[in-house]
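Hi,

Here is the structure we talked about. Please open it next to this note; what I found comes after it.

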Amino acid sequence: MTSAPLPTLMVVPTGIGCAIGGYAGDALPSARLLAAASGCLITHPNVMNGAALYWRDPRMHYVEGYSLDRFAAAEWVLRPVRRQRIGLLLDVGIEPELAQRQIQVAEGCSATLGLEIGPVVQTDQPLEVQLELGASGASSGRIAAPGTLLRAGERLKQAGATAIAVVARFPEDPDSEALAAYRQGSGVDALAGAEAVISHLLVRHLQLPCAHAPALAPLPLDPALDPRAAGEELGYTFLACVLVGLSCAPDLLPAAQAQPGDLLAQQLGAVVAPQGALGGEAVLACLERGVPLISVANPSLLAVDQAALGLECGVLQASSYSEAAGLLLALREGLAPAALTRPVSPLQRLP
Amino acid sequence: MQPELGLQSMQLVLPWPDHIPCSALRGWIRQQLARHGEPLRWSITAVESVDQTRQLRLEAVVLQ
């Protein structure tokens with residue numbers, strides 16, 4: 001492959017039950033393929049995080065959702081780095097044994113993977129995560145004390161952390177139908193929306209790469225566990241993937257401070273998103289600037305598709321991420337995608 | 001000094017003005033949300049046709 005990379009944004013919204021990407025990092029194989037096709041994939045933790053499972057590829061840039069929106073809107077730029085120093089922010093509401101599990105995962109990632117992690121701070125009061133569902137069924141949520149989260153984040157930044165991994169104690173309902181459905185491969189990740197709000201708050205305030213892992217008690221063995229959810233039931237925490245992702249996440253800078261080598265929204269050659277989930281800020285920002293949109297069949301709760309948005313033309317439809325990869329290759333090679341399908345339309349003649 | 005922040009979840013139904021093309025929708029939506037607070041996380045969750053006009057359903061979390 002000799003063609004220059006084609007910077008590509010891959011979005012799989014969290015908390016809407018996407019068939020691919022709505023579970024434990026199960027969009028990661030698709031992301032790896034798109035990264036190979038594009039040579040430069042910018043995507044967010046929901047795509048990359050498989051709890052105990054993860055993959056690192058220099059062609060993949062781990063960018064939290066709020067910062068992804070700011071990048072797509074050309075407000076921020078991404079500066080690749082060799083290594084981040086990851087501060088660990090723990091909710092004081094996590095019980096001591098579970099908190100110690102988080103620290104041991106971090107220490108293991110430091111000793112075995114060579115990640116630079118530290119220091120560790122606790123919030124000065126429990127975050128008190130509240131889970132919510134929107135009218136659409138999409139996952140959302142809040143925390144009772146945003147200030148305590150931000151104070152802890154500032155302490156880490158002042159102590160030299162250049163990225164922050166945050167772990168919040170989440171409420172549990174192990175007998176809920178929603179959890180059972182999720183574990184068996186249907187329904188929505190009920191935690192996802194609140195997780196996004198937590199990381200969005202930190203990124204907005206600190207302009208540092210941040211990502212979140214929930215603290216939950218281990219679940220009993222489920223022989224019918226869906227493979228897509230399995231990554232979250234291999235250990236005591238969801239933290240390892242977050243630490244690996246953050247370890248080389250790009251720095252976030254205002255667009256006015258861009259330097260050669262930074263990734264800018266103006267360089268985007270394509271955005272790839274699920275067919276019915278085109279109504280998020282990053283995708284809409286790309287549509288503002290005419291970035292080619294590849295809409296992939298990936299069912300979810302939502303039906304905000306090309307037709308709903310009145311996009312009569314200019315959207316490339318893919319029946320799978322494999323097909324999306326082919327379209328990315330075509331774009332990267334300068335091929336007109338229309339030349340790859342039949343029939344080939346005759347040339348337009350102007351009156 | 002930490003600002004005292006509050007988070008508000010909201011669901012809005014907004015008529016989509018005919019003069020706003022899809023390419024300008026993001027900015028227009030942010031303006032509508034800004035009346036309630038600073039948008040932190042939001043998405044269009046449905047587009048509906050009502051009496052030959054289009055309506056947007058939004059779900060959002062804003063800072064107040």
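The largest cavity holds about 100 Å³ of space. A cavity here is a set of points on a 1 Å grid over the protein atoms alone where a 1.4 Å probe fits but cannot get out, and lining residues have an atom within 4 Å of a point. Grid points are joined across faces, edges and corners, and the volume is the space filled by probe spheres set on the points. By this rule there are 3 cavities of 30 Å³ or more.

This is a predicted model: local features need pLDDT of at least 70, side-chain atom pairs count only at pLDDT 80 or more, and totals for chains, interfaces and linings use all residues. Residues are numbered from 1 along each chain as its sequence is written, chains are lettered from A and ligands numbered from 1 in the order in which they are written, and side-chain values use heavy atoms, with hydrogens and water left out.

Back to the largest cavity. Its lining includes Met48(A), Tyr54(A), Trp55(A), Arg56(A) and Asp57(A). Cys241(A), Val244(A), Gly245(A) and Cys248(A) are also among the lining residues. Two elements of chain A give two or more residues to this lining: β3 (60–62) and α8 (239–247). α8(A) gives the most, with 3 residues. Helices (H or I, at least four residues) and strands (E, at least two) are DSSP runs, numbered from the N terminus.

Next, the domains. Chain A is assigned domain 1 (8–80 + 253–336) and domain 2 (85–247). The bounds come from an automatic or database domain assignment. The domain centres, taken over C-alpha atoms, are 23 Å apart. Domain 1 of chain A puts 27 residues into the contact and domain 2 of chain A puts in 35. Contact means heavy atoms within 4.5 Å.

The largest nonpolar core has 131 residues. Such a core is a set of buried Ala, Val, Leu, Ile, Met, Phe, Trp, Tyr and Cys residues joined through side-chain atoms within 4.5 Å. Both domains of chain A give residues to this core, so it lies between them. Leu9(A) and Leu309(A) have the most contacts inside the core. Leaving aside neighbours within four places in sequence, Leu309(A) touches residues in chain A, including Leu278(A) and Val304(A), and residues in chain B, including Trp16(B) and Ile44(B).

Now the strands. All 7 of the 7 residues of β9(A) (residues 163–169) are buried, so this strand is largely enclosed by the rest of the structure. Buried means under 20% relative accessible area, exposed over 50%, partly exposed in between (1.4 Å probe, protein chains only). Ile164(A), Val166(A) and Ala168(A) point one way from β9(A), and Ala163(A), Ala165(A), Val167(A) and Arg169(A) the other. β9(A) pairs in the parallel sense with β5(A) (residues 85–90) over 5 bridges. It also pairs in the parallel sense with β10(A) (residues 210–215), over 6 bridges. Two strands pair if DSSP finds at least two bridges between them. Leu88(A) stands opposite Ala165(A), and Ala168(A) opposite Pro214(A).

β4(A) (residues 76–79) is covered on both faces. Trp76(A) and Leu78(A) are buried on one side, Val77(A) and Arg79(A) on the other. β4(A) pairs with β11(A) (residues 251–254) in the antiparallel sense, over 4 bridges.

Last, chain B. Its elements run β-α-β-β from the N terminus on. Of its 64 residues, 48% count as buried. The C-alpha trace of chain B spans about 50 × 20 × 15 Å along its principal axes.

Best wishes

Conventions: 1 Å grid on protein atoms, 1.4 Å probe; cavity = no way out; pocket = protein on both sides within 12 Å on 5 of 7 lines; lining within 4 Å.
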